[in-house]
Amino acid sequence: GRSAVCTVLVLIWASRLGGFLNSRARRFGDGRFDEVKGDPRQFLVYWLVQAFWVFLTDLPVLLVNSQQEDQPGVGMTDCLGWMLWAVGFALEVTADTQKSAFKDS
């Protein structure tokens, strides 16, 4: 149902984004962290801020998955939310593709 679809969508998004960021960091490096890599405390702050952002991004799915009582069936609101996710995902992939093409040129 709803929980499974939302979980799969988050896994698809996280896998694609993680793969893209890993590929980009390997090709171009990641200058955002060059200055803080030598300072463990400042690097920890960067890491914690990113971890908090991931938590906030995943929070709606965590809430859906934590509901123990019977949920109503999948409805129009769910379908609209999943379509909005698909549009956002397509825009993110397009933007990343365009940015990579620009950096390669």
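Which residues are buried in H1? Arg2, Cys6, Leu9, Arg16 and Phe20 are buried in H1, where buried means under 20% relative accessible area, exposed over 50%, and partly exposed in between, with a 1.4 Å probe and protein chains only. This is a predicted model, in which local features need pLDDT of at least 70 and side-chain atom pairs count only at pLDDT 80 or more, while totals for chains, interfaces and linings use all residues. Residues are numbered from 1 along each chain as its sequence is written, and side-chain values use heavy atoms, with hydrogens and water left out.

Helix H1 itself covers residues 2-28, which makes 27 residues; helices here are DSSP runs of H or I with at least four residues, numbered from the N terminus. From its first C-alpha to its last, H1 reaches 39 Å, close to the 39 Å expected at 1.5 Å a residue, the expected span being 1.5 Å times one less than the number of residues. Just after H1, Gly29 takes a positive phi of about 80°.

The structure holds three salt bridges, each defined as a side-chain nitrogen of Lys or Arg within 4 Å of a carboxyl oxygen of Asp or Glu. One of them joins Asp78 to Arg2, with the closest N and O atoms 2.7 Å apart. This pair links distant parts of the chain, with Asp78 in helix H3 and Arg2 in helix H1, 76 residues apart. Asp78 is buried because its relative accessible area is 14%, and Arg2 is buried as well, with a relative accessible area of 14%. Leaving aside residues up to four places away in sequence, Asp78 touches Arg2 and Gly73.

The side chains of Arg16 and Glu92 meet at 2.8 Å, N to O. Arg16 lies in helix H1 and Glu92 in helix H3, so the pair ties together parts that are 76 residues apart in sequence. Glu92 counts as partly exposed because its relative accessible area is 23%. In the salt bridge of Arg16 with Asp96, the closest N and O atoms are 2.6 Å apart. That pair, too, links distant parts of the chain, Arg16 being in helix H1 and Asp96 in helix H3, 80 residues apart. Both Arg16 and Asp96 are buried.

Ser100 is another residue of helix H3, and Ser100 counts as buried because its relative accessibility is 16%. Not counting residues up to four places away in sequence, Ser100 touches Phe20 and Arg27; of these, Phe20 is among the buried residues of H1.

How many aromatic pairs are there? The count comes to one aromatic pair, under a rule by which rings of Phe, Tyr and Trp (its six-membered ring) pair if their centres lie within 6.5 Å, with planes under 30 degrees apart counted as stacked, over 60 as edge-to-face and the rest as tilted. The rings of Trp85 and Phe89 have centres 4.8 Å apart and planes at 15°, so the pair is stacked. Trp85 and Phe89 both lie in helix H3, four residues apart, which is about one turn of the helix. With a relative accessible area of 26%, Trp85 is partly exposed.

Helix H2 remains to be described. Asp58 is placed in helix H2 and is partly exposed because its relative accessible area is 22%. Asp58 and Cys6 are 52 residues apart in sequence, and their C-alpha atoms are 9.9 Å apart in space. Leu56 is also found in helix H2, and Leu56 counts as partly exposed because its relative accessibility is 36%. Together with Phe52, Trp53, Phe55 and Leu62, Leu56 makes a nonpolar surface patch of about 530 Å². Patches are made of residues with over 30% relative accessible area and no salt bridge, like charges being joined within 9 Å and nonpolar side chains (Val, Leu, Ile, Met, Phe, Trp, Tyr) within 5 Å; the accessible areas come from the Shrake-Rupley method with a 1.4 Å probe, and for residues only the protein chains shown count as cover.

Methods:
Helix = DSSP H or I, 4+ residues; strand = E, 2+ residues; numbered from the N terminus. Contact = heavy atoms within 4.5 Å.
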